[in-house]
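Subject: Structure for you to look at

Hello,

Here is the structure I said I would pass on. My notes on it follow below.

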Amino acid sequence: MTYPPSPLDLDSPLVSAYCRKTAGSARLADGARNVFPSGITHDARYIEPHGIYVTHAEGAHKWDVDGNDYVDYSGGHGALLLGHNHPVVVAAVQEQLSKGTHYGANHELEIEWGELIQKMVPCAERVRLTNTGTETTMLGLRLARAFTGREKILRIKGHFHGWHDYASAGFISHFDGTPARGVPAGTNDSVLLTPVNDLAAAEEVFAAHADIAAVILEPTGSSWGQVPTTQEFIEGLRRLASQYGTMLIFDEVISGFRCAPGGAQEALGVTPDLAILGKIVSGGLTGAAVVGRKDVLDVLDFRVTTQSGDEKVFHMGTFNAAPTTAAAGIAALGLIRSTDTCRQAIGYGEKLIDALNEMFNEESVSWISYGTYGGFHVFLNPENISTSRQRIEAADHSHDTLKAPVSPALRMKLRIGVLLHGVDIQGWPGAPVTAAHNDSDLDRTVEAFRQTIRLLRQEGDLD
Ligand SMILES: Cc1ncc(COP(=O)(O)O)c(C=O)c1O
C-alpha cells in the first residue's frame, strides 16, 4: 500500500522552498501533532512535511497564516460548487443564525429544503435529511436491506462510499474482501466486489447470489470519475438490479448537483432506486440526505410500518436538518437550479484539462489530464503507456492502470510544488472545480504545474 507516503527529503530545493514559504504553517503543524494523530483531522489533509493552515477564503481563493494566496481546488472537499462565501448563501445563514441554530423540533425550512431536493433530483420521491456522506451511505444500505429482506451488498472495486465498516475494504486496499484493520471479520461476509465496466462479471455475481439487497456505486466513476464508468455499464446495472429485485443506489455525494442540477442521474438519464446526496446539498455546511422511492423510504415511516406490521427501521441524528444548514442548502440549491452554475464549472474544467494537456506536451511529460463534469485528474502515467484523454474517458483502461502506484514522493512533491506556486489541488492528483474559478485562476494553475514539473525534473523525480 502506498498511502500515506514516507517522509520527504527536507533538503530538496522544492521541499525547502515550500517550508520557507509556509513557515507559520510549519509551526502550527508541530503543535497540532501533539493534539491530533499526524496533526490532522481528515486523512486527505495529510501532507508532508506539513499542510497549510488557512485563515480565510473567498470565491475560488484561500489564504494561509503566512499571507500566501492560493487558487483553491479543495472547494470544501467538493462541497463548494459556488465557491467560498457566496453572498446569497452567507446572507441566508446569517439571517438564520440570529433565529436559532437548533430547535430540536420541526421547522419550515426543512420542508422547503426537502421539496427543493425532490424537485431537482429525479429519484427523490422521499427524502431523509442527515449529516455526512458516510453515515448516509450506511443508512442507504440499511434501507435497502430492510426493504428487500436481503443481506448482501454489491460494490464496485475502488469506489468510495465513506469510511464506515461496510465501505472500508475494496477502496484503496483489501480488494480480496479481507476486513480492514479495526473492522470486524464478519462485516465483509455480506459485501461483494465486482470490477468496474464489466457487466458480464456483475451478471455472474447476481446469478450466483440470490440475496443481493443493493448494488451501490459512484455513477461517474471512482474518486470523482478518476476511473470512468461507461454509460453501458450504468444502464446494464439498472437492468440487472431491476431483473434481480435489487436496489440500485447511486452514491451522488460528489456528483449530486454537479453533473447537472439533478446530479449524475439526470446527466446519465438513469434513475436509481435510492441516491445518497452530500457535500453541495447543504451549501457548504454539514448536511446530507438519502433520497429515493417512496416505498423504500417507507421503512422509516411510523404510520406505514404500523399499518403493515413491519418493524420500523431505526434512525436518528442530533443535527439532522439543523435550521442553519437548511438555510444554506436552500440558498445553494436555489442558485444551482436557477442559474447555469453546473455548466460554468463544467466549462472551466474542460478548459483547464485542455490547457494542462497542451502544457504537458510542451514540457514533454507523459502525464495526461482528463475528467468529466468539472472534475479534473492528472494521470501520472508511471509506466509511460501510450494513451490519450479520449481513450481514458472512454474507459479503455482498467482501475489498476489508472490507479497504478506512483512514487509516493513524486505524488507528494507534486502537491507541495503546486502549493509553492499558489495552487491547492487534491492528492490523487486532481480536483472538482467550482463555478467561481476564472481564466486567471486557470493560467496560474497551468503555470504552477509547469514550474513544478521543471523542479521535479531538476531533482531527478521525473524523466
Ligand atoms: C462518493 C462519496 N461517497 C461518500 C463520501 C463520504 O462523505 P463524508 O465525507 O461526508 O462522510 C464521499 C466523500 O468524499 C464521497 O466522495
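The ligand has 13 residues around it, and the closest are T132, G133, T134, G162 and V253. Please keep in mind that this is a predicted model. Among the elements, helix α6, which covers residues 133–148, gives the most to the shell around the ligand, namely 3 residues. Sorted by class, that shell holds 8 polar, 3 nonpolar and 2 charged residues.

The contact between them involves 29 residues from domain 2 and 23 residues from domain 1. On the side of domain 1 that touches domain 2, the elements giving two or more residues are α3 (75–78), α14 (341–362), β13 (375–379), α16 (399–402) and β15 (430–432). Of these, α3 gives the most, with 3 residues. By class, this side of domain 1 has 11 polar, 10 nonpolar and 2 charged residues.

I also looked at two helix pairs. Packed helices are described by the angle between their axes and by the distance between the axes.

From α4, the residues in the contact are V88, V89, A92, V93, E95, Q96 and L97, and they meet P323, T324, A327, A328, I330, A331, A332 and L335 in α13. The contact of α4 with α13 has 12 nonpolar, 2 polar and 1 charged residues.

The other pair is helix α17 (residues 408–420) with helix α18 (residues 439–458), whose axes come within 9 Å and cross at roughly 135°. The two helices, α17 and α18, are therefore oblique to each other. The crossing of α17 and α18 is right-handed. In α17, L410, K413, L414, G417 and V418 meet A448, F449, T452, L455 and L456 of α18. By class, the contact of α17 with α18 divides into 7 nonpolar, 2 polar and 1 charged residues.

Regards

How values were computed. Residues numbered from 1 in each chain as written. Predicted model: local features only at pLDDT ≥ 70, side-chain atom pairs only at ≥ 80, totals over all residues. Near = placed C-beta within 6 Å. Helix = DSSP H or I, 4+ residues; strand = E, 2+ residues; numbered from the N terminus. Nonpolar A, V, L, I, M, F, W, Y, C, P; charged D, E, K, R; others polar. Contact = placed C-beta atoms within 7 Å. Axes fitted to C-alpha atoms, helices over the stretch in contact; angles between N-to-C directions. Parallel < 35°, antiparallel > 145°, perpendicular 65-115°, else oblique. Left-handed = near helix turned anticlockwise from the far one by under 90°.
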